Amino acid sequence: MELPPRYQPAQVEGKWYRFWREHGYFTPRFDPSRPVFSVVLPPPNVTGVLHVGHALNHTWQDILVRYHRMLGDNTLWLPGSDHAGIHTQMKVDELVRSQGGSRQAMGRERFVQAVWQWKADYGGEILRQLTLLGDSVDWSRLRFTLDADLSQAVTEAFVRLYQQGLIYRGEYITNWCVSCRTALSDIEVEHVEQPGQLTYIRYPLSDGSGSLTVATTRPETLLGDSAVAVHPDDVRYANLIGQIVTLPLLGRQIPVVADRAVERGFGTGVVKVTPAHDPLDFAIGQRHHLDSIRVIAEDGTMTAAAGRYQGLDRDLARQRVLADLAAQGSLERQESIMHAVGHCEKCHQVIEPLVSRQWFVRMKPLAGPALAAVDRGLIHFAPARFEKIYRNWVVNIHDWCISRQIWWGHRIPAYYCACGQVVVAAVEPDACPACQGPLTQDPDVLDTWFSSALWPFSTLGWPNSEEEMQRYYPTSVLCTGHDIIFFWVARMIMEGLHFTAQPPFSTVLINGLVRDQEGRKMSKSLGNGVDPVVMIERYGADALRMALVLGSAPGNDIRFSETKVESAMHFANKVYNAIRFVLMNQSEDSQPPPTDPHPADRWIRARLHHSLRQVTQAIDQFEFGEAARSVYDFFWDDFCDWYIELAKVRLNGSEPGAKAATRATLTEVAEIALVLLHPFMPFVSEELWQALPHRGETIVLRRWPTAKDDAGPELTADLDVVERTMDAVRTLRNLRAELNLAPSQPIRVDLYADDDPALRAWRRMAPEIAALSKASALNIRLKPQGERPRQAISGVTQGGIAFVPLQGVVDLGRERERLTKSMEGTQRELDESDRRLANANFIQRAPADVVQAAQRRRGELQARLARLTERLEDLQ
């Protein structure tokens with residue numbers, strides 16, 4: 001296979017993904033004798049598009065999956081998407097309104113059909129984008145949370161939990177979104193710090209003896225007050241407990257109650273109690289048997305219970321209430337404050353606590369086993385510090401509100417009869433079992449996270465299919481962000497343990513956020529977001545993957561920039577050109593290799609297997625950044641910059657056996673190196689592997705190599721030879737750079753060896769040293785006592801000293817003049833640095849990092865001056 005002169009990712013990546021998918025290489029061929037490695041893809045929202053956070057998360061997963069597949073494990077990566085109840089309904093709602101219609105006018109059945117059509121037309125975009133990234137998922141197992149069998153699993157789970165007393169329905173205060181018109185769980189509420197007003201209102205005592213001043217951030221809800229409350233130990237108000245106050249504006253008589261939930265340090269220590277519109281007040285109302293008066297409706301307007309404010313929007317009602325309180329003389333004062341206000345995480349509107357009839361899961365009984373699984377080591381977090389976040393949430397867990405007042409989702413399998421009977425069943429009953437009357441299904445749907453909590457086992461056939469569950473469950477690793485430990489990870493652990501008696505995975509691998517190059521979170525408002533699809537179109541998926549992985553580590557945020565992707569593209573080109581070199585130097589001649597392997601061949605094999613050990617260990621420990629760095633450094637430094645350059649000397653020589661050995665080493669090392677590269681850059685590695693001599697159909701199924709350890713005196717000696725050679729070449733290149741010599745300008749070189757091992761090493765590799773340092777003449781000898789070449793620049797190297805005679809290389813007079821001027825300028829700068837550091841005011845007042853930088857600079861100037869002095873002496 002002949003490679004084009006330039007690597008073109010756009011022409012390569014789609015070709016190989018189609019090849020892999022058409023041949024079913026991502027579908028495991030189950031072998032009961034081999035280990036199992038299974039992963040479920042965190043299902044992206046059907047409304048979503050790929051962002052850089054997805055790209056990092058999926059690249060990590062793909063590295064693991066490709067690696068384990070190459071180990072020969074039964075490797076399954078199961079893909080799918082989430083129906084994203086509220087998100088998707090909002091999107092289709094907007095579409096319908098833009099066409100002049102409304103969801104309400106369409107009715108439930110037609111609207112749900114419209115959502116399914118939207119999903120068919122647009123819902124697969126993110127899945128298509130995953131193919132661009134190179135996700136090696138088993139597409140034959142693609143799942144959707146509203147698939148018939150997954151819906152059956154959701155219904156089965158609900159019914160079982162209900163029958164076990166773990167699901168109940170009740171009147172409780174919940175977070176209500178007046179825009180989405182649905183209840184929200186606590187973790188679906190974003191608390192945003194924003195400015196507000198703390199309003200102080202006088203509530204007159206009914207006996208006319210005075211008044212109590214109440215502080216509140218929500219004056220409009222006083223219309224629903226059932227009491228005012230003080231702390232029972234607050235001596236300021238001890239004599240007022242049990243008395244009656246008059247509610248401003250409405251004149252309703254309400255009691256003063258004592259409750260330990262009151263914060264004595266907040267405001268005046270007296271709080272208004274509105275059980276229908278505040279979670280704390282709801283609890284106080286339950287304890288004191290207070291009326292729950294609902295004055296704000298589900299649409300955010302005031303109810304009939306609000307009196308003359310009925311029909312007003314809640315914000316306008318607040319303004320009117322404040323004005324009327326002022327007119328009545330009940331408004332004492334207002335203070336500007338910053339406080340946390342709950343917002344819907346879907347539409348970002350301010351949520352309204354409302355009492356409503358909802359379905360809940362009792363979480364405490366499920367939380368115990370979930371904590372025990374982590375305590376017993378059945379589940380590990382990587383990094384371990386995220387276990388604390390998980391533990392804190394599970395320990396302090398509240399019951400989970402799972403009903404949502406929308407149409408798109410899993411409808412709750414509860415049926416109601418006019419006689420009061422409630423039937424919860426997996427299959428819709430024909431009639432009421434009590435009176436044989438007709439039944440009406442609950443109109444609500446389940447929280448999207450209810451079905452997502454079942455994802456690791458519902459996708460494998462639970463509760464019907466045992467074969468897939470026995471093969472691939474529990475799964476191996478869950479890779480996700482720390483932001484959904486509460487939403488998803490904890491709930492999956494709870495449901496998995498409850499329904500299968502096994503944890504759903506053994507490791508929770510946490511990836512960090514992808515930030516911009518300045519460390520800021522990417523956002524639309526900052527305009528610093530990066531579209532990964534654009535990056536793929538511009539540089540290729542391999543470049544994006546490598547740019548994201550290099551420098552990444554579990555749990556740590558990474559800084560990302562387009563320049564990193566561009567650099568990774570240059571790396572892909574470097575690898576491509578290296579393999580092209582290998583291919584161009586292949587030959588049909590079958591020459592027997594020399595009996596004594598060349599030191600460079602043994603060195604590159606040793607470096608390869610050292611990198612193989614590093615990469616294997618790093619992937620096993622989820623240190624993907626370190627693994628990628630090992631592959632990168634091997635290709636760029638060891639293989640391209642050193643071995644290929646060393647190999648060119650023998651390939652350009654006249655010894656057939658040496659050429660044959662070099663070609664064989666190039667091919668062998670290149671093939672294994674591409675295998676190491678494959679989990680990180682799958683497309684270019686497949687393209688190049690197919691071009692090299694190989695066994696098998698695809699690098700995807702090529703077995704991961706086993707590192708060899710050929711340690712022994714002969715290998716040690718050969719490695720020493722190459723290391724001495726490389727250090728001598730580096731020294732000579734540095735000397736050339738100091739002289740500003742053109743790359744093509746030849747030099748004469750004298751190498752003075754300290755001892756016989758250095759002498760033998762340099763003589764063994766003399767052709768390579770001469771070629772890589774562009775030396776027209778190379779003299780190697782033992783270092784004589786007190787003797788050195790005249791008018792020569794020198795450098796210390798491993799095993800001796802390298803000299804470059806300057807006669808005929810540079811104009812000695814001009815070089816002396818240049819060095820002298822440079823010394824004078826350096827000395828002036830050093831004198832100024834000394835004066836600055838001798839200034840006590842500077843040392844005492846300047847920031848520590850500024851002083852340290854000045855000290856470092858002085859050290860650099862001193863070293864530079866010494867070097868220039870030495871060079872000038874070389875010319876004398």
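## Aromatic pairs and nonpolar cores

Y390 is buried, at 1% relative accessibility. The model described here is predicted. F381, with a relative accessible area of 6%, is buried as well, and F381 and Y390 form a tilted aromatic pair.

The structure holds 39 aromatic pairs. W116 and F144 form one that is edge-to-face. W116 belongs to helix α5 (residues 108-122) and F144 to strand β4 (residues 143-144), so the pair ties together parts that are 28 residues apart in sequence. W116 counts as partly exposed, at 36% relative accessibility, whereas F144 is buried at 3%. K119 also lies over the face of F144, 4.2 Å from the ring centre. The geometry of the two pairs is set out below.

| Aromatic pair | Centre to centre | Angle between planes | Arrangement |
|---|---|---|---|
| W116 and F144 | 5.8 Å | 75° | edge-to-face |
| F381 and Y390 | 5.2 Å | 40° | tilted |

One aromatic cluster is formed by F571, Y632, F634, F635, W636, F639 and Y643.

The largest nonpolar core has 110 residues, of which I619, F639, L674, L677 and F680 touch the most other members. Helix α20 (residues 624-651) gives the most to this core, with 16 residues. Beyond its neighbours within four places in sequence, F680 is in contact with residues including I63, M546, V615, I619 and F624. Another core, of 60 residues, lies apart from it and includes Y416, F450, W455 and Y473.

Y416 also has V422 in β19 as its bridge partner. Strand β18 (residues 414-416) pairs with β19 in the antiparallel sense over 3 bridges. The open sheet has 3 strands in the order β19-β18-β20, with antiparallel pairing; its edge strands are β19 (422-424) and β20 (440-441).

Notes: Residues are numbered from 1 along each chain as its sequence is written. This is a predicted model: local features need pLDDT of at least 70, side-chain atom pairs count only at pLDDT 80 or more; totals for chains, interfaces and linings use all residues. Side-chain values use heavy atoms; hydrogens and water are left out. A nonpolar core is a set of buried Ala, Val, Leu, Ile, Met, Phe, Trp, Tyr and Cys residues joined through side-chain atoms within 4.5 Å. Buried means under 20% relative accessible area, exposed over 50%, partly exposed in between (1.4 Å probe, protein chains only). Helices (H or I, at least four residues) and strands (E, at least two) are DSSP runs, numbered from the N terminus. Contact means heavy atoms within 4.5 Å. Two strands pair if DSSP finds at least two bridges between them. Rings of Phe, Tyr and Trp (its six-membered ring) pair if their centres lie within 6.5 Å; planes under 30 degrees apart count as stacked, over 60 as edge-to-face and the rest as tilted. A charge sits over a ring if NZ of Lys or CZ of Arg is within 6 Å of the ring centre and within 35 degrees of the ring normal.
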